[in-house]
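Take a walk through this fold, from the whole chain down to single residues. The model is a predicted one.

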Amino acid sequence: MSTTGASADPLAALGSLPGVAESVESVRKAVDRVYGHRVMRRRSNAITSEAALRGARGSAALSGADWALEEVRRRSDFGVDDEARVMGAALRLTAEAGQLLSIWRQSPLRVLARLHLVAAAGGGDEVGRPRQAGEPVDEPLVELPLPGAGEVAGRLDGLSELIIAGSSAPALVTAAVVHGELLALRPFTSRNGLVARAAERIVLIGSGLDPKSVCPAEVGHAELGRAAYLAALDGYVSGTPEGMAAWITHCGRAIELGARESTAVCEALQRGAA
């Protein structure tokens, strides 16, 4: 995303794109339904924990580890093969995201580096920092042209400046831009999709839209499917108003589906208590 131009608040300007305001309102209503559920008043910690597990499963599915939810619950060893390592990384990131909220608004690049360190869980000196010129990127499910290291550094700095400066943009818009920019740039040598979705989660929590993290967008992204996810990302990368609006509304729909998932969990818990 370009951070230059006439608007002093480019994120807020995106809120006026066709269909975005309607998506923002629809997301707000979906989130309010979850937070207004009677079970949330008594068992919000249980809903948060379940949303974290389901969100991690959804994020891992988009990165090639599409496991059944019960398999995620059952497993304790996440290092035996590639899919298990992806799932383990998704679970670690979900647990870590809530610990980084206080740092995000002051130093988003530091948070992104930490997320990659958590996701990669070891490795060489390329872990926990943006990639350098000539370093390969292991992100086989995103086949977009790969920006060079210089462009990555410049656009990360621009994104960081936007976050630190703050914006009047709705949380959905900011979360979608952070998510889309990280996927487009793939700034790390691996695990960029997982990091991008964890960063989206941080924005949604920190903005106050979903402070208890009970509306896992990752669930919705997975439900909408990888093909739709990548098609919407193409729109973001195009930079056109139509493409940007399509990506933002796609992210909005994902949040709505995540909210619907947690509403169903609330209903199940209520039936169990009856």
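Read from one end to the other, the chain runs α-α-α-α-α-α-α-α-α-α-α-α-α. That is 13 helices and zero strands.

Start with the overall dimensions. The C-alpha trace spans about 60 × 45 × 35 Å along its principal axes. For 274 residues, a compact globule would have a radius of gyration near 19 Å; the chain has 18 Å, so the two agree. Burial comes next. Of the 274 residues, 51% are buried. The contacts can also be sorted by sequence separation.

Now turn to one helix pair. Two packed helices are described by the angle between their axes and the distance between the axes. Helix α3 covers residues 38-62, and helix α11 covers residues 217-224. They pack at an angle of about 40°, with axes 7 Å apart. Angles under 35 degrees would count as roughly parallel. The α3 and α11 pair is therefore oblique. The crossing of α3 past α11 is left-handed. On the α3 side, the contact is made by R54, G55, R57, G58, S59, A61 and L62. On the α11 side, E218, V219, H221 and A222 take part. By class, this contact has four nonpolar, four polar and three charged residues.

Stay with α3 and look at I47, which sits in this helix. Is I47 buried or exposed? Its relative accessibility is 0%, so I47 counts as buried. What surrounds I47, leaving aside neighbours within four places in sequence? The contacts of I47 are V39, M40, V214, S262, V265, C266 and L269. A separate distance links I47 to another part of the sequence. C215 is 168 residues away along the chain, yet the C-alpha atoms of I47 and C215 are separated by 9.5 Å.

Finish in a loop. Most residues other than glycine have a negative phi. R186 is not a glycine, yet its phi is positive, at about 45°. R186 lies in the loop between α9 (171-185) and α10 (192-206). R191 is found in the loop between α9 and α10 as well. Phi of R191 is also positive, near 60°, in a residue other than glycine.

R191 has 23%, so R191 counts as partly exposed. The cut-off for buried is under 20%.

Definitions and conventions: Residues numbered from 1 in each chain as written. Predicted model: local features only at pLDDT ≥ 70, side-chain atom pairs only at ≥ 80, totals over all residues. Heavy atoms only, no water. Axes fitted to C-alpha atoms, helices over the stretch in contact; angles between N-to-C directions. Helix = DSSP H or I, 4+ residues; strand = E, 2+ residues; numbered from the N terminus. Parallel < 35°, antiparallel > 145°, perpendicular 65-115°, else oblique. Left-handed = near helix turned anticlockwise from the far one by under 90°. Contact = heavy atoms within 4.5 Å. Nonpolar A, V, L, I, M, F, W, Y, C, P; charged D, E, K, R; others polar. Rg over C-alpha atoms; globule rule 2.2 N^0.38 Å. Buried < 20%, exposed > 50% of the residue type's maximum accessible area, 1.4 Å probe, protein only.
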